[in-house]
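Let's walk through a structure together, one feature at a time.

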Amino acid sequence: MFASLVRRIYRLLTLLYPTEFRREHGNDMALLFDDLVADRGILAATSRTSIDLIVTVPRYRLEAVMSESNATQVLTAGIAGLLILGFASVGVGLPWAAPVLILAGLGLALANRGRLARSIRTPDPSRRKRLLRRSALSAVIFVACVVGFIVVTWDGEASTPGLLIPSLMGTFAMFGAVGFLVAALLMPRTEVYPGAP
Amino acid sequence: MATTDHRKFLPLTAAKFHILVALTAGELHGYAIMQSVESSSKGLVKIGPATLYGTLKRLVDAGLAEEVARPLTASEDPRRRYYRLTGLGGRVCAAEADRLATLIKFAGANLERGLV
């Protein structure tokens, strides 16, 4: 009874691992844990696997985050962040920071051009749809920000924070809309019917 | 035929080497590998399930080990997955054993001369 509960708990704990690893080896690990419990008892099995869990969950999670596709997303966000901050720095009275941040963003993009191109060149219809959806959402946010900006400045007595928020969000959304659209358009289409004329 | 230079895999981590050594005995499933590692290290190395399968995944991805489909006997659990060494895995394992043997020889000579 208790052994069965411990086994269930271990199966639940394997959910902490990254999806891909869990799909591939979740059942294997659960089976191995069952073997350990049957052979050496609950105490020995849990003491060994608890240390294993503590060490491997963060490690495998980190490895999953740093995988090629995720690392590209982090990189893209970093480049976008630098460019947006560069443009925004003019608006907040720090014009000297603009060229530094923009050049840093462009430099980062240039240094990683191979990785960025690889992620765009890989045909993936579901990802293209996702990019187009994000582009559309960003465009809607951009329009909302423009409308918000006009409303705030309509009477000519707008406060700085009141202007800053729609400006920053609008800039961010504009870059998002254009960037996601360009990425989606650059991604090659896969043939629906391979070999069809 | 192109051959992969096995030296690029060296030095191996302790977990990888222990698992490769276990697989020199033939086709084994996860729990058998775990038991073999424990017995070959006289109980000093105890690997957990995630470390075992994470390391096995790396070995398979690197082409040093492979999963093997085998006909099951009546006593075998169909859920078990068996692994075996590849040719490259065998060469890497032998090279790592050689490397460690040289290191042990070096350490032994120094200790004998009283350098430590």
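**Reading the contacts**

Q: How many salt bridges are counted between chain A and chain B?

A: Salt bridges pair a Lys or Arg side-chain nitrogen with an Asp or Glu carboxyl oxygen, within 4 Å. Keep in mind that this is a predicted model. Here the count between chain A and chain B is six. One to look up is Arg48(A) with Glu38(B), where the closest N and O atoms are 2.6 Å apart.

Q: Which helices of chain A each supply at least two residues of the side that touches chain B?

A: Those are helix 2 (19-40) and helix 3 (42-65) of chain A. Helix 2 of chain A gives the largest share, twelve residues. Sorted by class, that side of chain A has eight nonpolar, three polar and ten charged residues.

Q: What area is buried between chain A and chain B?

A: About 1900 Å², with carbon and sulfur atoms giving 52% of it. Leu31(A), Leu32(A) and Arg48(A) supply 32% of what chain A buries against chain B, more than any other three residues.

Q: Now inside chain B: at what angle do helix 1 and helix 3 of chain B pack?

A: Angles from 65 to 115 degrees count as roughly perpendicular. Helix 1 (residues 14-23) and helix 3 (residues 49-61) of chain B pack at about 80°, their axes 10 Å apart, so these two helices of chain B are roughly perpendicular to each other.

Q: Which residues of helix 1 of chain B meet helix 3 of chain B?

A: Ala15(B), Lys16(B), Ile19(B) and Leu20(B) do, and across from them in helix 3 of chain B sit Leu52(B), Thr55(B), Leu56(B), Arg58(B) and Leu59(B).

Terms used:
Residues are numbered from 1 along each chain as its sequence is written. Chains are lettered from A and ligands numbered from 1 in the order in which they are written. This is a predicted model: local features need pLDDT of at least 70, side-chain atom pairs count only at pLDDT 80 or more; totals for chains, interfaces and linings use all residues. Side-chain values use heavy atoms; hydrogens and water are left out. Buried area is the accessible area (1.4 Å probe) that two parts lose on being put together, summed over both. Helices (H or I, at least four residues) and strands (E, at least two) are DSSP runs, numbered from the N terminus. Ala, Val, Leu, Ile, Met, Phe, Trp, Tyr, Cys and Pro count as nonpolar, Asp, Glu, Lys and Arg as charged, and the others, Gly among them, as polar. Axes are lines fitted to C-alpha atoms, for helices over the stretch in contact, and angles run from 0 to 180 degrees between N-to-C directions. Angles under 35 degrees count as roughly parallel, over 145 as roughly antiparallel, 65 to 115 as roughly perpendicular and the rest as oblique. Contact means heavy atoms within 4.5 Å.
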